[in-house]
Amino acid sequence: MTTSTAVQALYRPFTAGTLTLPNRIVMAPMTRAMSPDGVPGANVAAYYRRRAENNVGLIITEGTVINHPDASNNKDVPHFYGETALKGWANVVAEVHAAGGKIMPQIWHMGTKGQVNDYSEAEIAGIVKEFANSAAAAKEIGFDGIEIHGAHGYLIDQFFWEKTNQRTDGYGGSLVARTRFAEEVVRACREAVGPDFPIVLRLSQWKEREYTVKLANNPEELEQFLQPLLDAGVDIFHCSTRRYWEPEFPGSDLNFAGWVKKISGKPTITVGSVGLDSDFMTFFAEGRSSGNAGIEGLVQKLENDEFDLVAIGRALLVDPAWATKIREDRAEDLIPFTRDALSTLS
Ligand SMILES: Cc1cc2nc3c(=O)[nH]c(=O)nc-3n(C[C@H](O)[C@H](O)[C@H](O)COP(=O)(O)O)c2cc1C
């Protein structure tokens with residue numbers, strides 16, 4: 001297969017600890033809610049396998065919930081506990097591995113209560129234990145690592161954010177105290193899987209209905225925020241933004257993933273509207289620059305080592321062969337994202 005020189009950086013291998021990926025393209029976690037009673041079936045396995053067959057270096061599954069009453073609000077969101085659901089996941093892993101792919105589950109607690117002030121310390125300890133149980137199960141089933149969902153206003157992020165966390169015990173009261181729950185989750189998962197099993201933590205400044213919120217307002221705060229998470233054993237940070245080309249703080253072009261990498265020294269994943277802008281492929285189609293949001297802007301940032309990996313959401317949801325088509329410079333074959341794609345597992 002020939003790779004267009006413009007995108008070669010996306011198709012270079014990546015290694016971090018025990019994790020080796022053939023290229024830099026990651027499938028972003030996307031909830032599909034098509035696992036009846038929490039059990040992912042053959043259709044879910046085939047959906048992920050199609051991406052593995054098409055040059056996706058790492059698949060991060062849709063959010064899959066731990067065993068706790070507030071963890072889910074939808075019976076078709078997959079579970080990451082219980083024999084039947086875990087058997088379904090084992091089949092997903094087998095299919096993806098048979099196609100030569102790598103896959104991590106996104107371990108999730110939705111925090112359906114919407115705020116965290118009411119949990120007793122005993123209940124918090126129980127939730128932490130369930131994250132660790134799911135992490136251990138992921139390793140046992142043969143996943144290539146785990147991603148912990150700490151973003152978008154769900155449980156872990158509810159602890160991070162001062163608007164949802166007004167606790168006055170050790171879990172609240174300052175930016176660093178609000179990281180304690182996540183730190184305990186990461187630490188418990190690390191203990192459950194051992195030192196070598198990759199742990200990715202997904203973070204976002206923005207919340208699902210509050211796009212302009214910032215947990216850290218400047219690099220100094222970001223450093224305070226990241227340190228406990230680093231100490232707890234995170235290997236890779238997945239830095240969720242809505243547009244990867246937007247600078248995170250004034251005075252620098254670095255995006256969120258760029259800042260997290262610079263401060264933590266750990267590899268990072270960027271994400272947000274890659275391949276969605278209709279100008280994304282102008283560079284190929286017309287040989288002229290397509291601006292910040294274009295593919296050459298993305299590749300340039302990757303070549304500058306601003307971040308290590310690039311997650312693709314909607315473009316890969318609608319088009320399983322997105323990464324193959326980009327590699328082969330087949331812009332004309334890309335399937336544009338429409339909301340209709342959300343109703344099928346194609
Ligand atoms: C249908 C859909 C479901 C999503 N579900 C999740 C999820 O379960 N966990 C998560 O962290 N992000 C989720 N996201 C966010 C994506 O992972 C990604 O960050 C976002 O779509 C931006 O990337 P994109 O512009 O390439 O689509 C979801 C996005 C979409 C479109």
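What follows is a short tour of the ligand and the pockets.

## Before we start

This is a predicted model, where local features need pLDDT of at least 70, side-chain atom pairs count only at pLDDT 80 or more, and totals for chains, interfaces and linings use all residues. Residues are numbered from 1 along each chain as its sequence is written, and side-chain values use heavy atoms, with hydrogens and water left out.

## Around the ligand

The ligand has 17 residues around it, and the closest are Pro29, Thr31, Arg202, Ser273 and Arg314 (a residue counts if one of its heavy atoms lies within 4 Å). Sorted by class, this shell has seven nonpolar, eight polar and two charged residues. Here Ala, Val, Leu, Ile, Met, Phe, Trp, Tyr, Cys and Pro count as nonpolar, Asp, Glu, Lys and Arg as charged, and the others, Gly among them, as polar.

Now for some atom pairs. An oxygen atom of the ligand is 2.7 Å from a backbone N or O atom of Pro29, and an oxygen atom of the ligand lies 2.8 Å from a polar backbone atom of Gly313. Gln106 uses its side chain instead: one of its N or O atoms there is 2.8 Å from a nitrogen atom of the ligand. On its own the ligand would expose 610 Å², and the protein buries 85% of that (areas by the Shrake-Rupley method with a 1.4 Å probe).

## The largest pocket

So where does the ligand sit? In the largest pocket, meaning that more than half of its atoms lie within 2 Å of the pocket's grid points. This pocket has a volume of about 930 Å³. Among its 32 lining residues, Pro29, Met30, His152, Trp206 and Arg314 are closest to the centre.

Strands S5 (103-108), S6 (146-152) and S7 (199-207) and helix H10 (314-318) each supply at least two lining residues. H10 gives the most, with three. The lining has 15 nonpolar, ten polar and seven charged residues. Pockets are open sets of 1 Å grid points where a 1.4 Å probe fits, with protein on both sides within 12 Å along at least five of seven lines; lining residues have an atom within 4 Å of a point.

Technical notes. A polar contact is a pair of N or O atoms within 3.5 Å; within protein, one must be able to donate a hydrogen and the other to accept it, and residues adjacent in sequence count only if both atoms are side-chain atoms. Grid points are joined across faces, edges and corners, and a volume is the space filled by probe spheres set on the points. Helices (H or I, at least four residues) and strands (E, at least two) are DSSP runs, numbered from the N terminus.
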